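Thank you for making time this morning.

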Amino acid sequence: MSATPRTPSIASQVSRRRFLRDLGIATGCVATGATLLGCEVSEVKVSGGGDVTELAFNVTDAKFVDLKAVGKMVAVNVGSAKLLLIRTTQAEVIALSRICPHAACDLSPDGVGTWKVASSTLHCGCHNSEFKPDGKYVADSVNGGGKVGDLDSYPVTFDAAAGTGIVDLVGAV
């Protein structure tokens with residue numbers, strides 16, 4: 001009689017996957033000589049199929065500390081999604097795709113993106129495109145106001161008192 005191999009449950013597979021991911025990131029940090037403070041691991045929720053469905057953040061984490069101030073932005077890569085988290089008000093953080101649909105410029109703080117607090121718009125420095133907090137295209141000076149396209153917007157639940165939030169990566173609009 002041969003023993004049938006046991007298939008691990010989904011929960012143990014996710015735990016193993018998370019452990020290996022965290023181990024790989026920590027090893028990469030050590031290998032590059034980075035301090036652990038600069039290699040914060042964001043909490044992600046993984047579906048049974050291995051897709052990342054949520055990103056949890058805390059403004060006290062080194063990666064997200066800029067979100068303590070209104071008007072500041074943080075660029076985040078989660079799987080294939082390139083996101084921009086923006087602190088628009090004391091009570092709100094929004095999440096938008098950070099690649100401009102006009103010329104594929106990176107709207108990250110290190111790229112060409114600027115959040116304009118006075119007008120509550122995201123400005124692309126490549127061709128002066130402007131986007132509303134919901135990702136809708138407003139206008140630009142290069143295309144004469146012609147339609148460029150909208151940025152994907154992701155639902156965010158944010159607790160301003162705790163400084164914590166969750167980005168729903170499945171609910172992009």
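Predicted model: local features only at pLDDT ≥ 70, side-chain atom pairs only at ≥ 80, totals over all residues.

C105 is buried, with a relative accessible area of 13%, where buried means under 20% relative accessible area, exposed over 50% and partly exposed in between, using a 1.4 Å probe and protein chains only. Residues are numbered from 1 along each chain as its sequence is written, and side-chain values use heavy atoms, with hydrogens and water left out.

What is C105 joined to? A disulfide, that is, a pair of cysteine sulfur atoms within 2.5 Å, joins C105 to C126, with 1.9 Å from S to S. The pair links distant parts of the chain, since C105 sits in the loop between β5 and β6 (113-116) and C126 in the loop between β7 (121-124) and β8 (129-131), 21 residues apart. The count by this rule is one disulfide. The torsion about the S-S bond of C105 and C126 is about -105 degrees, and therefore the disulfide is left-handed. C126, at 31% relative accessibility, counts as partly exposed.

C100, by contrast, is in no disulfide, and the nearest cysteine sulfur, that of C124, is 3.9 Å away. C100 is buried, with a relative accessible area of 3%. C124 is likewise in no disulfide, and C124 is buried because its relative accessible area is 1%.

Let me step back to the chain as a whole. Its secondary structure comes to one helix and 12 strands, where helices (H or I, at least four residues) and strands (E, at least two) are DSSP runs numbered from the N terminus. Buried residues account for 32% of the 173 residues in the chain. The accessible surface comes to about 9700 Å², of which 56% belongs to carbon and sulfur atoms, with areas taken from the Shrake-Rupley method with a 1.4 Å probe and, for residues, only the protein chains shown counting as cover. If we take contacts, meaning heavy atoms within 4.5 Å, between residues at least 6 apart in sequence, 36% of them join residues at least 24 apart.

Now to the interior. A nonpolar core here is a set of buried Ala, Val, Leu, Ile, Met, Phe, Trp, Tyr and Cys residues joined through side-chain atoms within 4.5 Å. Which members of the largest core touch the most other members? Of its 17 residues, these are F57, L85 and V167. Strands β2 (52-58), β3 (73-78), β4 and β5 (92-97) each supply at least two residues of this core. Apart from this core lies another, of 15 residues, among them I86, L96, C105 and L151, which brings us back to C105 of the disulfide.

L85, leaving aside its neighbours within four places in sequence, is in contact with residues including L55, F57, F64, K72 and V167. K72 itself lies in the loop between β2 and β3 and is partly exposed, with a relative accessible area of 43%. The C-alpha atoms of K72 and I86 are separated by 5.9 Å, although these residues are 14 apart along the chain.

F57 also leads us to the aromatic rings. The structure holds three aromatic pairs, where rings of Phe, Tyr and Trp (its six-membered ring) pair if their centres lie within 6.5 Å, and planes under 30 degrees apart count as stacked, over 60 as edge-to-face and the rest as tilted. The rings of F57 and F64 have their centres 5.7 Å apart and their planes at 40 degrees, so this pair is tilted, and both residues are buried. The rings of F57 and F158 have their centres 6.0 Å apart and their planes at 10 degrees, so that pair is stacked. It links distant parts of the chain, with F57 in strand β2 and F158 in strand β11 (residues 156-159), 101 residues apart. Together, F57, F64 and F158 form one aromatic cluster.

Finally, T88 has its place in strand β4 (residues 81-89) and is buried, with a relative accessible area of 8%. Beyond its neighbours within four places in sequence, T88 is in contact with V70, I94 and W115.
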